[in-house]
Amino acid sequence: MRTIRAAAAATLAISIAAGVTGCGGGSSASGGSNDSPKTLTYWASNQGPSIEADKKILTPELKKFEKQTGIKVKLEVVPWADLLNRILAATTSGQGPDVLNIGNTWSASLQATGALLPWDKANFDAIGGRDRFVDSAVASAGAEGKDPSAVPLYSLAYALYYNKKSFADAGITKPPATWDELVEDGKKLSRDGKWGLGAEGANLSNNIHQTFVLGQQHGADFFDAEGKATFTSDGAVAAVKQYIDFMAKDKIIAPGNAEYAQNQSLTDFAKGKTAMVLWQAAASTFASQGMKPEDWGAAPVPVASGTPGQGKNVNSMVAGINMAVFKNTKNIDGAKKFVKFMTSDDEQKLLNKTYGSIPPVKTAQADAAFSAPDLAVLRDTLAKSAAPLPQVPNESQFETAVGTAVKELWADAAAGRPVTTESVKARLEKAQQTMQQ
Amino acid sequence: MTATVTTDSRTEKSDRVTSRGTGGARRRLPRIPDRIRQGGLPYLLLLPAVLLELLVHVIPMVIGIVMSFRQLTQFYINNWGGAPWTGFDNFKIAVDINAPIGEALLHSFFVTCVFTFFAVGLAWLFGVAAAIMLQENFRGRGFLRAVFLVPYALPVYAAVITWAFMFQRDNGLINHVLHDQLGLTDQPSFWLIGDNSIYALIIVSVWKGWPFAFLIVMAGLQNIPRELYEAASIDGAGIWQQIRKITLPSLRPVNQVLVLVLFLWTFNDFNTPYVLFGKAAPENADLISIHIYQSSFVTWNFGTGSAMSVLLLLFLLVVTAVYLFITSRGRKGADA
C-alpha cells in the first residue's frame, strides 16, 4: 500500500509541477527555400468587425492571387488578442506560417528575434521598390539603421473625432486645435451627465499611443539614443500628467472611463454621452453604432500651439499593420510574390477602402477614395505629423510597463486620489525599474 | 489533478475495506498473488498515466526548469537552446525584494495568499453548508442540487466575462443594485480597477469554486450512517451538535482532500483574473499566475518568468507535502 501511495504522491507532484511550469520550445530553422512552391500559409490579423467578415473580404483576393500565380494560399484570421502569442509560439517552434500580419509597434521587438525575413534592397526590389511606400510607414517597420522586418500593409493615424450636435448645443463652432482650446471646449461640453472627452483608461496600448504623442510634444522620447528607457524625464512625466489631468484636474473625462478597455468610449460617443474621442479610423465603428457620417467630424489631434508637424508638433503615432515573412518559409519566392500582390496598387485601394485605413503605398494613397474629409485628416497626419513609436527591441515591455502605470494613474484619478508630478514620476520610475536587459 | 487525488482517496478507502475484510469476506475477483500485488502491479497500473504525464507535463516542465537558468529574451527565442546560461541570476532577480521585480513578485505572492485564504475558505463554507442543507429529502431537492452545480458546469470564460460586465461601474448590475436601487453607496463604485478589485476577484472565485466543494461534500455525506443521527437525536443532540459531533468529523478525510485541491486550483488560478482584468491586473488583485504570465509572455523575459514558475512550484510542493504529512499523521492518530 505504501508503494501505491508513493506512486500516487509522485503523480500528484508531477501534475502540480506541470500545471505551474509548462513551457514548450524548439529550435530555429534558418534561411528560406522553395521546397513547397505551390502553397502558402497566411495569418491575417483580425481587421474587420469579425473573423468571418475578414475571411469574406480576403478569400476572393486570395483566389485572385491563386489564379495569377498558381499558388494556393491557406488563410487563417487570428484575433488581435492571440496574435502576438501565436507569433512567439511560431518563432519558438519554427512551425509558423509563411506570411503573416504584425502590428507595426511590434516590428523592432520581433526583428530582434531574427525569425523574420529582413527587407533589404533586393527584397524590396522584388515587390516594386522601397520608394513606393510612405516614409513614416517604413520607419515603423523596424529599428532605425536596420533593414525593416516587415512591409507596411494598412496605415492608420489618430484624429480628433467630435460630435457635431454636442458642439452646436454648447455653442462651439469649430473643433479645438490646441490642448488649451480642447480643455476649454471640454468644460463647456461636460454638463448634464455628458462629458467632453473619452478615454480608454484600462487599455494599455491606447494609453501608450496617447502619452507617446503628448511626450513628443513635450520633447520626450521615452528612450534615449542607446535604447535605454527614460520614462522619468521631465517631458515624459509632464506628458503623462497632462493626459491624466483631463480627468483629475480639468474634469472633462468621466471617471468611469478609467476602467474602459473594450472601446466603450466609442459607444459613449455614438450615444452622445461624450463629445470628443481621440481615435484611429473610427468611421466604420461609428456607422456600426448607428451614427450617420454627417453626425460627426474629424480634425487633427491638437498640439500645444501652432499647427501639427514634425518635432514638438507631432500629433499621432504611426499606427498600422505590416506584412512579414518567416525566414524559414519553404516558399520564399511565393511569399514575396504574395507580399507584392497585397501591396499592389489595386489591392491596396480595395483593402484599405474596405477596412477604412490609409494605403501606405503612395500611388494608392492618391486615389480619390481616400480624400473624404475624415480620411484626408488621417492621410495628412501620416504624411506630415506622425511619428513611429520607439523602434526598440523592448517596445513590448515599454507598452506593458508604462501602459500599466498610466492605467493605475487613471484609477487614482477616478477614485479622487491626488495625481501630482511626484505621484506620476513615482509610477513611471517603478515602470522603468522593471525594464530589464 | 482531480483524478490523482481521487486515486489517493480511493486508496484510503480500499485500505479500510481490506483491513475490515480480513475476517474472511467473499471476494468476487480472482485473488492476485501477494508477490505481484506488493511488487509490480501498482506500477504497472500507473504506467500509462505516468507515460502520458511524461509526455504532456514532465518534459515541458523540465524544459521550463532549464529555461529558468538561461537569459531567455526575444533575442534568443528563435533559437532558445542557444540562450546564454546565467546560473541563478533569474532566481536572484525574482527574489531580490529590494529591487522592483522581486518586490512586485513578493507583493503578488501576498495578494495571492490573501485571495486564496478567503476564496478557499468561503467556497468551502458555502459548499459544506449547502450540502448539509440538502442532506434531508424534501420536495425540490433534486432541482436545487442541479441549480447549485450550474456555476461549476458553465464554461469559465463565459461565466467570468459575464461577471466582468456586471462589475462595470456605469452600466453594471452590481452598482445598479447597490447604488441605484438600495442606495448603499454614495456613488457608483469601481470593481475592476482600484481597491475593490480584490473583492470582485474573491466573489467570482467563490461563486465558481463552491459548487465543487458542494459536490464533494455531498458525496461524503452519503457515507455517514443515518443511525448515528437517529441515535444522537434520541440522546437529545440538537442540529448543531449533530453537525459538530457527527457530520464534520465524518467528513474529515473528504475535507482534507477537498481543501488541498481547492487550495492548489485557487492559488494557481489564471482564467478568473485574466478574463476579469486582462493582462494587467490592478495592483491589489495582481495574482501570481498573472504576474508570471506577464513576466514571461508580455514583457518577454521568459528566463525570469520560468524562474518565478519554479519558485512557485517549490512553494506549492512544500505546502502540499507539509499538509499531507500533517493530515496523514492526524489520520493515523485517529485510526489508532
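What do the side chains of Lys121(A) and Asp125(A) meet in?

**View 1. A salt bridge joins Lys121(A) and Asp125(A).** Their side chains meet in a salt bridge, with 2.9 Å from N to O. A salt bridge here is a side-chain nitrogen of Lys or Arg within 4 Å of a carboxyl oxygen of Asp or Glu. Side chains of opposite charge can pair when their charged atoms come close. This is a predicted model, in which local features need pLDDT of at least 70 and side-chain atom pairs count only at pLDDT 80 or more, while totals for chains, interfaces and linings use all residues. Residues are numbered from 1 along each chain as its sequence is written, chains are lettered from A and ligands numbered from 1 in the order in which they are written, and side-chain values use heavy atoms, with hydrogens and water left out. Both residues, Lys121(A) and Asp125(A), lie in helix α5 (residues 121–126) of chain A. They are four residues apart, about one turn of the helix. Helices (H or I, at least four residues) and strands (E, at least two) are DSSP runs, numbered from the N terminus. Lys121(A) is exposed, at 63% relative accessibility. Asp125(A) is partly exposed, at 43%. Buried means under 20% relative accessible area, exposed means over 50%, and partly exposed lies in between (1.4 Å probe, protein chains only). Over all chains, the count comes to 20 salt bridges.

**View 2. Asp169(A) forms a salt bridge with Lys165(A).** The closest N and O atoms are 3.1 Å apart. Helix α7 (residues 164–169) of chain A holds both Asp169(A) and Lys165(A). Four residues separate them, about one turn of the helix. Asp169(A) is partly exposed, with a relative accessible area of 48%. Lys165(A) is exposed, at 58%.

**View 3. Asp412(A) and Arg427(A) meet in a salt bridge.** The N to O distance is 3.2 Å. Asp412(A) lies in helix α17 (residues 395–414) of chain A and Arg427(A) in helix α18 (residues 421–433) of chain A, so the pair ties together parts that are 15 residues apart in sequence. Are Asp412(A) and Arg427(A) buried or exposed? Both are buried. Salt bridges that share partners join Asp412(A), Arg417(A), Arg427(A), Lys430(A), Asp195(B) and Glu283(B) into one network.

**View 4. Five strands of chain A form an open sheet.** Their order is β2-β1-β3-β10-β4, and the pairing is mixed. Two strands pair if DSSP finds at least two bridges between them. Strands β2 (72–78) and β4 (151–156) of chain A stand at the edges, each with a single partner strand, so one side of each has no neighbour in the sheet. Neighbouring strands are turned by 20° against each other on average, direction ignored. Strand β1 (residues 39–45) of chain A runs parallel to β2(A), and seven bridges join them. Which residue in β2(A) is the bridge partner of Trp43(A)? The partner is Glu76(A). Helix α13 (residues 332–342) of chain A packs on the sheet. Helix α13 touches β1, β2, β3 (99–103), β4 and β10 (319–325) of chain A. Contact means heavy atoms within 4.5 Å. The direction of α13 makes about 155° with that of β10(A). Axes are lines fitted to C-alpha atoms, for helices over the stretch in contact, and angles run from 0 to 180 degrees between N-to-C directions.

**View 5. Phe222(A) and Lys251(A) have positive phi values.** Phi of Phe222(A) is near 75°, in a residue other than glycine. Phe222(A) sits in the loop between α9 (204–217) and α10 (234–248) of chain A. Phe222(A) is buried, with a relative accessible area of 0%. Phi of Lys251(A) is near 55°. The loop between α10 and α11 (264–270) of chain A holds Lys251(A). Lys251(A) is exposed, at 51% relative accessibility.

**View 6. Helix α14 (residues 345–355) of chain A has buried residues.** Glu347(A), Gln348(A), Leu351(A), Asn352(A) and Tyr355(A) are buried. They cover an arc of only 110° around the axis, which puts them on the same side of α14(A). The arc is that of the directions from the helix axis to the C-beta atoms. What covers these buried residues includes α2 (51–69), β4, α13 and α15 (362–365) of chain A. Gly356(A) follows α14(A), and its phi is positive, near 75°.
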